[in-house]
Amino acid sequence: MAKNNSQSGIKERVALRVKTPRKYKVILLNDDFTPMDFVVMVLTQIFRKNEAEATAIMLEVHHKGQGVAGVYTLDEALTRSNRAMQWARDEGFPLRVKCEPE
């Protein structure tokens, strides 16, 4: 973008740089009380995974202790993780979700 400085007749170039927002992983953590079918419902309803993806993530959580539900901007990651934990609390489950930079 060129900018004209009328007093000196000099044109300046101004470079605009747009940073892409940092992405965050939403990670579901394993516990011994939240049912597997509830975790699959959370993944399909809140994280918009299909049944096969949701089942694969749930099994990763079950076997490895955690699994990535998705990668989002910070606001979206926090919104989805809070919705998931609130739904779990409403149902009486201790599901834990965390967000960390990608």
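**Salt bridges and overall form of the chain**

At 31% relative accessibility, Lys 98 counts as partly exposed (buried means under 20% relative accessible area, exposed over 50%, and partly exposed in between, with a 1.4 Å probe and protein chains only). The model is a predicted one, in which local features need pLDDT of at least 70 and side-chain atom pairs count only at pLDDT 80 or more, while totals for chains, interfaces and linings use all residues. Residues are numbered from 1 along each chain as its sequence is written, and side-chain values use heavy atoms, with hydrogens and water left out.

Lys 98 forms a salt bridge with Glu 100, and the closest N and O atoms of this pair are 3.6 Å apart. A salt bridge here is a side-chain nitrogen of Lys or Arg within 4 Å of a carboxyl oxygen of Asp or Glu. Side chains of opposite charge can pair when their charged atoms come close.

Glu 100 also forms a salt bridge with Lys 25, where the closest N and O atoms are 3.7 Å apart. This pair links distant parts of the chain: Glu 100 belongs to strand E5 (residues 96–101) and Lys 25 to strand E3 (residues 23–29), 75 residues apart. Helices (H or I, at least four residues) and strands (E, at least two) are DSSP runs, numbered from the N terminus. Glu 100 counts as partly exposed because its relative accessibility is 27%, and Lys 25 is likewise partly exposed, at 24%. Lys 25, Lys 98 and Glu 100 are linked in a network of salt bridges.

How many salt bridges does a search of the whole structure find? The search finds three. One of them joins Glu 76 to Arg 80, with the closest N and O atoms 2.6 Å apart. These two residues are four residues apart in helix H3 (residues 74–91), so about one helical turn separates them. Glu 76 is partly exposed, at 31% relative accessibility, whereas Arg 80 is buried, with a relative accessible area of 15%.

Now for the chain as a whole. The chain has three helices and five strands, and from the N terminus on the elements run β-β-β-α-α-β-α-β. The radius of gyration of the chain is 22 Å, well over the 13 Å that the globule rule gives for 102 residues, so the chain is more spread out than a compact globule. This radius is taken over C-alpha atoms, and the rule is 2.2 Å times the number of residues to the power 0.38. Along its principal axes, the C-alpha trace spans about 75 × 25 × 20 Å.

Of the 102 residues, 30% count as buried. Among contacts (heavy atoms within 4.5 Å) with a separation of 6 or more, 65% are between residues 24 or more positions apart.

The last stop is helix H2 (residues 51–64), which contains Ala 56. Is Ala 56 buried or partly exposed? Ala 56 is partly exposed, with a relative accessible area of 46%. From Ala 56 to Lys 23 there are 33 residues in sequence, and the C-alpha atoms of the two are 22 Å apart in space.
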